[in-house]
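Please have the sequence and the structure open while reading.

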Amino acid sequence: MSNQLSRRKFLGNAGAVTAIPGWWSLLRGMAHNAVSLGGGAAASPGTADRIVDMHVHFDEKNRDFISDLLKLSERLNLTACLLTPFSDRKVVAEAAKQHPSQIVPFGSVDLDAPDVVKQVEELHGMGYRGLGELEFVKKPYNDPSYLPVYEVANRYGWIVLFHTGIVLRSKFDEPEDVASGRMRPIYLEEIARRFPKITVLGAHCGNPEYEWAAEIARWNPNVFFDLSGSTLTKMQGRLADFQKFFWWSGTEWHSPEWKVKTPDGDLSAFIKIVFGSDTDLREIESVVNQYRALFDACALPAHTRKMIMGGTLARLLGLPDGH
Ligand SMILES: [Zn+2]
């Protein structure tokens with residue numbers, strides 16, 4: 001959705017959450033994914049604490065959106081993965097070229113568009129770094145008709161952000177062909193296994209199917225979730241419950257093979273979460289605070305917090321992460 005205010009309003013009421021992060025391209029190396037960051041210009045103070053937000057929707061209705069975003073980026077030391085409708089692809093590609101450390105362009109294509117594969121190839125040619133948010137699909141995410149899109153994303157080793165869980169209703173008085181049952185987190189498992197070079201990122205942690213989301217992330221190194229939407233609001237009085245979904249911290253279930261894919265030996269289950277806000281620019285800071293409340297409630301180690309807030313995405317995208 002491009003209307004940020006209505007999105008926030010809907011999500012705030014209806015709820016949406018995210019839960020699990022994914023896998024590590026460290027072993028295959030980030031060099032082929034890396035972008036030039038334009039010399040030292042990118043290095044603002046506090047690079048070590050840089051936030052990478054996986055879930056910022058480009059708002060075409062705000063004519064000052066890019067400049068507003070850049071100002072916020074400076075203030076919060078934040079890099080935005082900017083989810084961009086195909087029709088807005090040029091303005092965002094241009095902004096990303098000028099501000100590569102602050103804007104990472106992602107294409108919000110319609111999986112049901114007849115020319116979607118062509119659109120995805122065009123986005124790649126323009127410097128886009130992945131797809132998302134994919135949503136409002138006419139069929140479940142694992143429908144065979146969508147596989148050609150995933151094949152292209154797999155070839156480019158892209159991150160693909162999928163909406164998961166409950167979805168807003170934009171029209172109350174007209175028929176609408178939209179259903180959250182087509183966007184359940186369980187579908188991401190098949191995509192992650194069939195297309196192992198895609199980093200599958202589920203938005204909203206499957207709200208309310210957190211348990212499925214977390215378990216799929218646990219067994220698939222290339223699956224992560226963000227916790228944007230209404231989940232952190234809904235659960236603000238019981239944030240420690242997240243430890244029931246992300247339960248395997250410090251346990252011995254990890255195989256040796258899994259451990260080698262875990263960055264810096266961080267075996268916290270919460271390493272499967274990344275930061276995503278999915279809100280109006282003015283409210284991103286409040287989502288940062290909600291994430292921090294979760295970290296405190298679940299007593300997350302400093303390293304895990306840092307990876308969630310930006311370290312994991314910085315590595316996957318080849319951005320400087322302060323290491
Ligand atoms: Zn969403």
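**Sheet and packing**

Strand β2 (residues 78-85) and strand β3 (residues 103-108) run parallel and are joined by six bridges. Strands are DSSP runs of E with at least two residues, helices are runs of H or I with at least four residues, and both are numbered from the N terminus. Two strands pair if DSSP finds at least two bridges between them. This is a predicted model in which local features need pLDDT of at least 70, side-chain atom pairs count only at pLDDT 80 or more, and totals for chains, interfaces and linings use all residues. Residues are numbered from 1 along each chain as its sequence is written, and side-chain values use heavy atoms, leaving out hydrogens and water.

Sheet
- Leu82 has Pro105 in β3 as its bridge partner.
- The open sheet has eight strands in the order β1-β2-β3-β4-β5-β6-β7-β8, with parallel pairing.
- β1 (51-57) and β8 (273-274) are the edge strands, each pairing on one side only.

Strand β5
- Strand β4 (residues 130-134) pairs with β5 in the parallel sense over three bridges, and Leu131 has Val160 in β5 as its bridge partner.
- β5 and β6 pair in the parallel sense over five bridges, with Leu161 opposite Leu201 in β6.
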